[in-house]
Amino acid sequence: MVTRRQLETWLLPVGTLVLLLVGWVVAVRWTGTRVFPTPQQVLQGLVGMVRSGLLWRYAADSLLRVGVGFGLALIVGLGLGMVMGLYPAVAAALGPVVQFLRPISPLAWVPIAILFFGVGDGAAVSLIFLAACLPLALHTTGAVATVPAIYLNAGRNFGLSPPRLFFRVLLPAAMPQLLVGVRVSLWVAWQVVVAAEMIAVDSGLGYMIVDARNAGKRYDLVVAGMLLIGSIGLLLDMGIRRMESLHWVRWGFREE
Amino acid sequence: MKPTTALSPPPAEASAVRATALTVRGLQVRFSMPTRELTVLEGIDLDVHEGEFVCLLGPSGCGKSTLLNVVGGFLRPTAGEVRYRGELITGPDPRRIFVFQERGVFPWLTVEDNIAFGLFRLSEAERRERVAHYVKLVGLSGFEHAWPHELSGGMKQRVEVARALAANPEVMYLDEPFGALDSITRHSMRSELLRLWESERKTVLFVTHDIEEALQLADRVVVMSARPGRVGRIVEVDVPRPRDISSPRYLELRDSLLEEIGLAHRI
């Protein structure tokens, strides 16, 4: 039995998608453009990329760069954020620096990244790291600092040692907000990998887009690259969203 | 139904009851506000005996919760001291467990795991036995694996009380534990708390702003006045348990407490 609600959660987005596709086709036909591809052409381009095996390689390269850069950002960002959240003195010392660096677009770092790491993976990974690390550190600071004192007091009352208090009270209490921080910074990381690949490397989905345009204005591949980036980003986000529904963090996402 | 005389403790127990558990002397708490100094508590002297049920009664803002936080070891006084069995209190201790309003239940643990929280020093088997006992005692059988957000306010409050009792403390501090509950649930929670206290005989320090609640529960009611918080009269509630809340003595005590707090008898 399909409920009205289930129908809505599937039908509405699928309907929007179909409308967009139809609009796309109509727009291409109506303007008579020779440059911008139709959905069929994009699909053909995509199939060609899959056949040559390039698509998987590019996607894998992009994911690997995000994996390394974001992985490093997780270690440093979570660590830094927790220290800042736990020790107000550290927050006072480092907070302004982080706040100062954060509004600088990761793209502004490109020349410096290339200067330090050369044109290549090092530059791309360092950009991802930088872009993901700062918002993660700030979110983590907030998540840790806003854990209600009542939980910490209860934990201390039962005689928990500081490490035990950290793992059994502070961490689980901060977990929902930590996950939000991870989600936001993964978005940023995925956005930045594309930008980094357009400049610093010669593989990956970002490179695919730039390369397709430069090598013969293959706009079918440009659009295919964009669609792929969107889809993979969506999958990554859905992965984290799944974590939000786990029992021991779900309480933090409920409206009461 | 036991005869009323059986409810008054035998002489041997009575002398044990008189031993002092908590001693508060010359307690003062001041907070530095941006514009002025705020004295929350001033010159508080108080003794709580072993196994005694004492209620701190006063209007909101009289510093009774602050006093409980100092006695609980969460807040350092500006002057004066608190001793437990002669030993200076410098921090929280598992022998003296603080029960918050139901907000203190950990939302990331099930009912069972919440109750087991303070039992990490015990073996798995002991822990399971203890949890099962207290789940039953507070009437949460069948909800062992429920999550706090699935429970009502009264049930969450029971989880907190069970979590405290399971740790087998000598003293329990309760800070308006039933404040967020509706009046019907409050009433039944009070009699449940009394039942638990009568079976376990912990020393209880209970903060409330509800005169009836204080009179129904306490051996002694400590009336506090506000700004700065001071101890006013201490009322011995000499109504035998189970208390008849329409007995002349009960009503007389209620009226004198109303007067003490400065309220009229008629509305």
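Helices, as the term is used here, are DSSP runs of H or I of at least four residues, numbered from the N terminus. On that basis, in this predicted model, chain A reads along its sequence as α-α-α-α-α-α-α-α-α-α-α.

Two helix pairs of chain A were examined for their packing. In one pair, helix α9 (residues 205-214) of chain A packs against helix α10 (residues 219-244) of chain A at an angle of about 165°, and the two axes are 8 Å apart. Because angles over 145 degrees count as roughly antiparallel, α9(A) and α10(A) are therefore assigned to that arrangement. The crossing in which α9(A) passes α10(A) is left-handed. On the side of α9(A), the contact is formed by A:Leu205, A:Met208, A:Ile209, A:Ala212 and A:Arg213, while α10(A) provides A:Leu221, A:Val222, A:Gly225, A:Met226, A:Leu228 and A:Ile229. Sorted by class, the residues of this contact are 9 nonpolar, 1 polar and 1 charged.

In the other pair, the axes of helix α4 (residues 88-101) of chain A and helix α6 (residues 121-145) of chain A come within 10 Å and cross at roughly 140°. This angle makes α4(A) oblique to α6(A). The crossing of α4(A) and α6(A) is left-handed. From α4(A), the residues A:Ala91, A:Val98 and A:Leu101 meet A:Leu134, A:Ala137, A:Leu138 and A:Thr141 of α6(A). The contact of α4(A) with α6(A) comprises 6 nonpolar residues, 1 polar residue and no charged residues.

Between the chains, 14 residues of chain A are in contact with 16 residues of chain B. On the side of chain A that touches chain B, the elements giving two or more residues are α7 (149-157), α8 and α11 (247-250) of chain A. The largest share of that side, 6 residues, is supplied by α7(A). By class, the side of chain A that touches chain B consists of 8 nonpolar, 4 polar and 2 charged residues.

Several backbone features were identified in chain B. The peptide bond from B:Arg241 to B:Pro242 is cis, with omega near -5°. B:Pro242 is placed in the loop between β10 (230-236) and α8 of chain B. Just after α8(B), B:Gly262 adopts a positive phi of about 90°. A positive phi, of about 50°, is also taken by B:Asn168, although this residue is not a glycine. B:Asn168 lies in the loop between α5 (153-166) and β7 (171-175) of chain B.

Notes: Residues numbered from 1 in each chain as written. Chains lettered and ligands numbered in written order. Predicted model: local features only at pLDDT ≥ 70, side-chain atom pairs only at ≥ 80, totals over all residues. Axes fitted to C-alpha atoms, helices over the stretch in contact; angles between N-to-C directions. Parallel < 35°, antiparallel > 145°, perpendicular 65-115°, else oblique. Left-handed = near helix turned anticlockwise from the far one by under 90°. Contact = placed C-beta atoms within 7 Å. Nonpolar A, V, L, I, M, F, W, Y, C, P; charged D, E, K, R; others polar.
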